[in-house]
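Please keep the sequence and the coordinates in view while reading.

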Amino acid sequence: MKNGSQVNFVPYQRLLEKKAEEVRKSMSAQKAAQVVARLDVPSDEGDLSQQHHEEWIFLNRNTIDMKLLREIAGALQRMEQGTYGTCPECEEPISVKRLNAVPWARYCVTCQEAIAARIAQGETEEEFEEASK
Ligand SMILES: [Zn+2]
């Protein structure tokens, strides 16, 4: 492992923990809203399809949040293992600028772009795609 830059990861750890907390809060808030919405029994077909649409949005949003939580957990784990901030593809340090923008970034910009291109071509799993903020 290359450790030349000696970046202090503590601020990133705080950032990641704060972000995870935010995502969890927003997820439980959405869940509560969903429960309230369910109390309104749909009166006709139109309402029913509207409800399905909202459920779809909810599930979709939830999937993104879950993915983000997983990435944050992964980043915190890499901090414990001492591999945080190093790209596993090229083993180069991930730039501070990138970590400031995406603290849970797993790969450097170059490798992330290469992976995104592979996903676009269907050559790799979406698993490796970066979650957005
Ligand atoms: Zn890389």
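Glu 54 is partly exposed because 13 other C-beta atoms lie within 10 Å; a residue is called buried if 20 or more other C-beta atoms lie within 10 Å of its own, exposed if 12 or fewer, and partly exposed in between, with C-beta atoms placed from the backbone. Glu 54 belongs to helix α2. Helices (H or I, at least four residues) and strands (E, at least two) are DSSP runs, numbered from the N terminus. Gln 34 is 20 residues from Glu 54 in sequence, and the two are 8.9 Å apart in space, C-alpha to C-alpha.

The model is a predicted one, in which local features need pLDDT of at least 70 and side-chain atom pairs count only at pLDDT 80 or more, whereas totals for chains, interfaces and linings use all residues. Residues are numbered from 1 along each chain as its sequence is written. The predictor's confidence in each residue, from 0 to 100, is its pLDDT. Over the protein chain the mean pLDDT is 84, and 81% of the residues reach 70 or more. Confidence is highest in α4, at a mean of 94, and lowest in α2, at 85. Where pLDDT is low, the predicted coordinates should not be read in detail.

The protein chain contains four helices and zero strands, and its elements follow the order α-α-α-α from the N terminus. Of its 133 residues, 15% are buried. Two residues are in contact if their C-beta atoms, placed from the backbone, lie within 7 Å. Among contacts between residues at least 6 apart in sequence, 57% join residues at least 24 apart.

In soluble globular proteins, nonpolar side chains tend to be buried together. A nonpolar core is a set of buried Ala, Val, Leu, Ile, Met, Phe, Trp, Tyr and Cys residues joined through C-beta atoms within 7 Å. The largest such core here has 14 residues, and those with the most contacts inside it are Leu 16, Ile 72, Ala 75, Ile 94, Trp 104, Ala 105 and Tyr 107. Two or more residues come from each of α1 (10-38) and α2 (45-81), and α2 gives the largest share, three residues.

Which residues does Ala 75 touch, not counting those up to four places away in sequence? They are Leu 16, Tyr 84, Pro 103 and Trp 104. Pro 103 sits in the loop between α3 (96-101) and α4 (109-120). Pro 103 counts as buried because it has 23 C-beta neighbours inside 10 Å. Leaving aside neighbours within four places in sequence, Pro 103 is in contact with Tyr 12, Leu 15, Leu 16 and Ala 75. Glu 71 is 32 residues from Pro 103 in sequence and 9.7 Å from it in space, C-alpha to C-alpha.

Glu 17, in helix α1, counts as exposed because it has 12 C-beta neighbours inside 10 Å.

Backbone geometry remains to be considered. Most residues other than glycine have a negative phi. Glu 91 has a positive phi, near 60°, and is placed in the loop between α2 and α3. With 11 C-beta neighbours inside 10 Å, Glu 91 counts as exposed. Helix α4 has 12 residues and reaches 16 Å from its first C-alpha to its last, close to the 16 Å expected at 1.5 Å a residue; the expected span is 1.5 Å times one less than the number of residues. After α4 comes Gly 122, with a positive phi near 75°.
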